[in-house]
Each structure stands twice: as C-alpha cells, then as structure tokens.
Amino acid sequence: MPELTPKPLTCPCCKRAFESQLVVGFSIGEKESDFCPRYLDGNPLPNFMHVCPGCGFVGYEADYRNLTDERKIEKIKRLLVGLLWEEGKKLGGAERYRRAALIALYLGKRSAEVADLYLQATWCSRMEGESDEEEKQARRKAVKYFELGLAADEFAPEDQPVVHYLVGELSRRLGEIKKARKHFAMIDELPHVEPWLKEWRDKQKKMLES
Ligand SMILES: [Zn+2]
C-alpha cells in the first residue's frame with residue numbers, strides 16, 4: 001500500500017468538510033511503453049484524487065484550495081447535478097480521473113492538463129481490470145486533448161518530444177497506424193531529444209511494422 005496520511009478538506013462546491021487521505025510515499029519500478037508506472041507497493045493514483053462524499057466533486061488537493069471563483073463553482077455544480085451522485089458513493093481510480101477530466105474541461109483548464117487526466121484514467125483502468133473498451137475511450141480522449149494542446153502550443157519545447165512519443169504510442173495502441181507513424185516521425189524534427197526516448201520510439205515503431 002502507498003503511504004497515506006489523513007487530510008481534512010472542504011468541498012469548494014457543496015462546502016462539505018470531510019477527511020481524505022494524502023499520499024506521502026510510494027515506490028515505482030519500471031514504466032510501461034505508455035509511461036504507466038509499475039508501482040511496487042500498490043497504485044497511489046486514486047489517492048491523488050479526492051472525492052467529495054456530498055456532491056461527487058473530484059480534484060487534486062490543490063483544486064480544493066484553488067477553486068474559489070463563484071462563477072466557475074456554479075458551472076461545476078450544474079455539471080455534477082447532471083452526473084448524478086449518491087451520498088458517500090465510492091469511485092475507483094479510473095472513474096475518479098475521468099470525472100476529474102470532465103471537471104477540468106468545465107473549468108477551462110488547458111488541454112494538456114485534460115489529456116494528462118485521461119492518460120492517468122487509462123493507467124488506472126488497466127490496473128483495476130476494467131474492460132478494454134473503457135480504457136480505449138479514455139485513451140482516445142487523451143490523444144484528442146494532447147493534439148489540441150500541441151496545436152495550441154501548450155507544451156514547453158523540452159516536453160514536446162515526450163508528448164509526440166506518447167501520442168504516437170497511444171495511437172499505436174488504438175490501431176491508428178497512420179497517426180502513430182506521424183507522431184513518431186515528428187520526434188526527428190525536434191532538437192534535443194533524449195537518447196532513451198529515441199530508443200523507446202524505435203522499439204514501438206518496429207512494432208508498427210510487424
Ligand atoms: Zn461537495
């Protein structure tokens with residue numbers, strides 16, 4: 001189990017005070033080809049997302065502190081009503097990240113952040129043994145928002161090679177060969193690509209040909 005410590009939180013939407021758990025320690029072994037970490041002592045990802053038992057708001061600990069704009073809060077409240085909620089409902093990790101991604105969209109967060117939430121939803125989905133279709137849906141959305149983020153120039157130059165690699169690999173996993181090739185090839189157009197990333201790219205590119 002990851003190391004946790006109790007954390008009192010107050011929901012920005014329904015103002016409920018409740019106790020959640022903060023992750024204070026975990027250990028990672030290797031990473032899979034879509035960067036999904038192989039955790040050595042259990043998956044801490046669900047615990048990074050705090051679920052309000054009263055209304056179903058989901059966010060990082062910082063979201064609980066930073067969401068103070070009343071107009072945005074009203075928007076999220078309307079979204080949560082539409083998503084339906086039962087008091088104290090338990091959500092798995094993948095469900096938490098999908099819900100957080102939707103909330104991030106409504107908050108007008110950058111596409112890069114939305115993409116990252118959907119990517120983590122796919123990792124949780126796999127670790128939690130959800131159906132392939134569930135994982136694929138989140139993966140398609142991760143690709144969509146990574147591409148929007150690239151188009152809007154949201155990524156720093158040093159992060160762009162990794163993003164193209166990821167979109168390439170996610171597309172490969174979705175069977176979108178043309179798109180995978182395009183993003184794998186983009187890596188050669190960029191300056192300062194780390195050698196390990198080129199190695200990973202070459203390995204995944206080879207799998208496209210086989
Ligand atoms: Zn709430």
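Analyst: The expected span of a helix is 1.5 Å times one less than its number of residues. Helices (H or I, at least four residues) are DSSP runs, numbered from the N terminus. This is a predicted model, in which local features need pLDDT of at least 70 and side-chain atom pairs count only at pLDDT 80 or more, while totals for chains, interfaces and linings use all residues. Residues are numbered from 1 along each chain as its sequence is written, and side-chain values use heavy atoms, with hydrogens and water left out.

User: What makes the span of helix α6 agree with what it should be?

Analyst: Helix α6 has 20 residues (132-151), which should span 28 Å; its end C-alpha atoms are 28 Å apart, so the two agree.

User: Which atoms coordinate the zinc ion?

Analyst: The SG atoms of C11, C14, C52 and C55 do, at 2.3 Å. Donors are N, O and S atoms within 2.8 Å of the metal (3.2 Å for Na, K and Ca); water is not among the atoms, so sites may look incomplete.

User: Why is the arrangement around the zinc ion called tetrahedral?

Analyst: Four donors count as tetrahedral if all angles lie between 85 and 135 degrees. Here the 4 donor atoms subtend angles of 102 to 116°, so the arrangement is tetrahedral.

User: Is C11 buried or exposed, and why?

Analyst: Buried means under 20% relative accessible area, exposed over 50%, partly exposed in between (1.4 Å probe, protein chains only). C11 has 1% relative accessibility, so C11 counts as buried. C14, at 35%, is therefore partly exposed.

How values were computed
Four donors count as tetrahedral if all angles lie between 85 and 135 degrees; four count as square planar and six as octahedral if opposite donors are over 155 degrees apart and all others between 65 and 115; anything else is irregular. Helices (H or I, at least four residues) and strands (E, at least two) are DSSP runs, numbered from the N terminus.
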